[in-house]
Amino acid sequence: MQKSSFKLNRRQFLYAGAAASSLATLGCSSTSISTVASSIASTPMSTDEPIPLNFNENPLGLAPKAQQAVTDALPNAWRYPDAARSELMATIATNLSLTESQLIYGNGSSEVLKMALDALAQSNSQLVMPDPSYGVIIDYAMARGIPVVKVKLDSDWQTDLAQMQAKVAQHNGPSIVYLCNPNNPTGLVLPQSELNQWLDKASSQLSFIIDEAYVEYVAQAGFVSAVERVKQGQSHIVVCRTFSKIYALAGLRVGYGVAHSELIKAMQAQASIDNANLIGCVAAKASLDSPQWLGLSLQSNTQAKALVYQQLSELGLGYLPSETNFIFHKVNGDSELYMQRMAKVGILVGRPFNYGEGWNRLSIGTPAQMQYFCKTLAKFRELGWV
């Protein structure tokens, strides 16, 4: 069976599933794919549009209050977003028991990551991070000429904090440590005790950027957000959060950072002017005022994950228990080929990751969408593809 040679980045793959011509080199017969497609055609989720299970989005979409807020704000889209941003940040501050001086707005958490790196960078700094993990910060570091030290996850796919600390100790200069908690693509939270011990060492020579993009999904007992560290006065920790995941505002680009007020000032100096989006700000504030919708999103995610866990277990495919809205699981074969085959039958799944050959990151859709996925996966097993 011939292996496809082309590679797709995170954004390009979104469009690959819709174009059959780009999947002509699957290395499998069209008859086999047709067999899979016809066998699941009666499933309610079979549509002309591919099911997007690749970007970790909330399939329920915006909260009703957020949708109404967007509609109400559109006539004022000609105005600058200052007031809407201020109202949003005041709400976040109240919800987290912070002062507004400890918060910064970002055009998505991606901009917050950049502002944090720029503010923390010193002469001879290095960036230390796990691998695989969310990688956008690598581009920011390279643009500044900051060397990036990647530490492979351990044999259990957990962030190897001991090895990361060793890399910091070996460096003659400041270190910026990036940690995604829970980690992407594994969905695992960091070991709390070990993390606490390391965060205690934050100093002018050791700073941390903690990415909590999926924090709202975490249910594991004992988990403590790094926001608590900021409340305690630690001045070399930045916590990055986003409204792109459970709050379903990925297209509106709303994120925020939490840090000591002096560090926030340094980050503000790196921010672009008027980086806020009026529509995004009102939608985010309304989302925070929608606890029932948040609960519904969590319930849907939990139910949908359970369906996938059951199917993976029945097929004997290993997976990592996830504290997010995605599952990292075995596919028993070429990761790219699996990705392409899924796209051919109308399901977009995650891209390959470093050291993840034979594994795939699956975003969680609605329970109905995941039933469709499970039925497809079972058919793939019948064909000997997983």
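I count a residue as buried under 20% relative accessible area, as exposed over 50%, and as partly exposed in between, with a 1.4 Å probe and protein chains only. Helices are DSSP runs of H or I of at least four residues, strands are E runs of at least two, and both are numbered from the N terminus.

The model is predicted, so I took local features at pLDDT of at least 70 and side-chain atom pairs at pLDDT 80 or more, while totals for chains, interfaces and linings use all residues. Residues are numbered from 1 along each chain as its sequence is written, and side-chain values use heavy atoms, without hydrogens and water.

Of its 386 residues, 54% are buried.

Helix H11: I found 8 of its 11 residues buried, so H11 is largely enclosed by the rest of the structure. The buried ones include Cys281 and Ala284. Among the elements that cover them are H3, helix H4 (82-96) and strand E2 (103-106).

H3 against H11: helix H3 (residues 64-73) packs on helix H11 (residues 278-288) at an angle of about 150 degrees, with the axes 8 Å apart. Axes are lines fitted to C-alpha atoms over the stretch in contact, and angles run from 0 to 180 degrees between N-to-C directions. For the contact (heavy atoms within 4.5 Å), I listed Lys65, Ala66, Ala69, Val70 and Ala73 of H3 and Leu278, Ile279, Val282, Ala283, Ala286 and Ser287 of H11.

Start of H11: I saw a side-chain oxygen of Asn277 within 2.9 Å of the backbone nitrogen of Ile279.

Methods: Polar contact = N/O pair within 3.5 Å; in protein donor to acceptor, adjacent residues only side chain to side chain.
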